[in-house]
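Dear colleague,

I am passing on the structure we spoke about, and below it you will find my notes on what turned up. Please read them with the model open beside you.

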Amino acid sequence: MGENGSVKIRTEVPKQQESMSELYFDEHSTEGMRKDDGREREISVGGKNGRAKRGLSGSDLKIIAIVTMFIDHFAAVILYESLISGAFRTQTAWNVAYYTYDILRLVIGRISFPIFCFLLVQGFEHTRNRVHYALRLFAFALVSEIPFDLAFNQPLDGVLNRFSVFGLQFLEFDSQNVFFTLLLGLLVMMLTDVIMKTRIPLPDLPPEKQKVQQIRNTVILVIRILLAAAVLWCGVNAGNFFQTDYSGYGVLVIAVLYYLNRFRNEQIAVGTFAMIFGDYAFNGSVTELLAPIGLLLTKFYNGERGMRMKYFFYVFYPVHLLLLVALREVLF
């Protein structure tokens with residue numbers, strides 16, 4: 001038993017594996033340390049006396065995001081259909097349903113996306129294989145597109161495109177699901193990381209030319225920043241071009257949270273600005289005014305992974321959309 005209730009677990013580990021990322025699980029970080037001899041790991045199972053840390057773990061945040069997302073989608077699929085289908089016999093009942101719809105979508109429903117963006121950044125920082133992470137997002141983006149279109153991309157005029165069956169459009173290209181937005185954000189982070197951390201093999205100059213070396217280093221830094229800005233520009237425009245969920249400003253929010261990941265207060269403040277201003281600038285709307293609630297919740301992130309639920313969201317997203325579509329068809 002180590003200090004503060006931590007448990008020492010001796011395991012045989014190859015010495016060449018010195019990356020701290022191996023102490024992190026794929027999606028969220030956990031606290032730990034390993035001695036330089038590569039033989040001993042100490043993994044924290046809590047704070048003092050082995051108690052869990054105060055605050056919200058990664059799984060706690062994920063559960064909050066999933067629940068608020070489900071509420072948002074329930075309103076968008078079921079309540080919306082009830083409002084336009086004439087399901088309410090009195091104006092009072094319709095008004096109550098309408099105000100409920102607004103609360104569920106514009107208040108509760110706005111919490112989820114900023115949290116998913118935050119968790120994506122944590123996953124990027126601590127995953128063992130970023131390429132596999134990206135491929136997983138891409139795979140589930142493809143899997144989720146038909147459920148997404150069935151839920152949200154049905155024509156109001158009743159005119160179906162050629163990708164239709166049983167009176168439902170199952171494939172439509174005017175908007176894409178949120179996995180594509182998260183994927184674009186992940187690609188922006190991956191390319192930015194390569195740009196900022198790739199070593200350039202330049203010889204050190206003698207002491208009498210230190211000013212020249214400083215100028216050279218400054219020029220290299222400026223070039224890196226410009227390239228990173230170009231990557232972000234491409235990511236944002238890709239979000240707009242493919243009309244992904246939350247469009248280009250969703251990619252912008254992910255990038256902002258990544259840039260400021262070590263500065264939590266600034267991350268929340270600038271992320272809030274990017275969320276609200278981005279929605280207004282890209283869509284001309286102010287529907288994200290309460291989205292900062294989700295970012296404020298990340299302030300309580302305690303750095304722990306929490307429960308194992310690595311693939312839960314990936315599976316839940318398309319499945320819950322299909323269930324909502326089925327319920328809509330049964331009810332209306």
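A salt bridge, as the term is used here, is a side-chain nitrogen of Lys or Arg within 4 Å of a carboxyl oxygen of Asp or Glu. Please keep in mind throughout that this is a predicted model.

With that definition, a search of the whole structure finds six salt bridges, and a network of them links Asp-72, Arg-105, Arg-110 and Glu-288. Arg-110 lies in the loop between helix H2 (91-106) and H3, while Glu-288 lies in the loop between H8 and H9, so the pair ties together parts that are 178 residues apart in sequence. Both partners count as buried, since a residue is called buried under 20% relative accessible area: the value is 7% for Arg-110 and 2% for Glu-288.

A salt bridge also joins the side chains of Arg-130 and Asp-193, at 2.9 Å from N to O. This pair, too, links distant parts of the chain, with Arg-130 in helix H4 (residues 130-152) and Asp-193 in helix H5 (residues 178-197), 63 residues apart. Here Arg-130 is partly exposed, with a relative accessible area of 23%, whereas Asp-193 is buried, at 11%. In a further salt bridge, between Glu-329 and Arg-328, the closest N and O atoms are 3.3 Å apart; Glu-329 counts as partly exposed at 42% relative accessibility, but Arg-328 as buried at 6%.

Turning to helix H8 (residues 264-283), its 20 residues reach 27 Å from the first C-alpha to the last, which is close to the 28 Å expected at 1.5 Å a residue. Its buried residues, among them Gln-267, Ile-268, Met-275 and Asp-279, pack against helix H3 (112-126), helix H7 (247-259) and helix H9 (292-298). Just after H8, Gly-284 takes a positive phi of about 70 degrees.

Finally, I would draw your attention to Asn-302, which is placed in the loop between H9 and helix H10 (312-331). Although in a loop, Asn-302 is buried, with a relative accessible area of 12%. Which residues does Asn-302 contact, leaving aside its neighbours within four places in sequence? They are Lys-53, Arg-54, Gly-55, Leu-56 and Ser-57.

Notes:
Residues numbered from 1 in each chain as written. Predicted model: local features only at pLDDT ≥ 70, side-chain atom pairs only at ≥ 80, totals over all residues. Heavy atoms only, no water. Helix = DSSP H or I, 4+ residues; strand = E, 2+ residues; numbered from the N terminus. Expected span 1.5 Å × (residues − 1). Buried < 20%, exposed > 50% of the residue type's maximum accessible area, 1.4 Å probe, protein only. Contact = heavy atoms within 4.5 Å.
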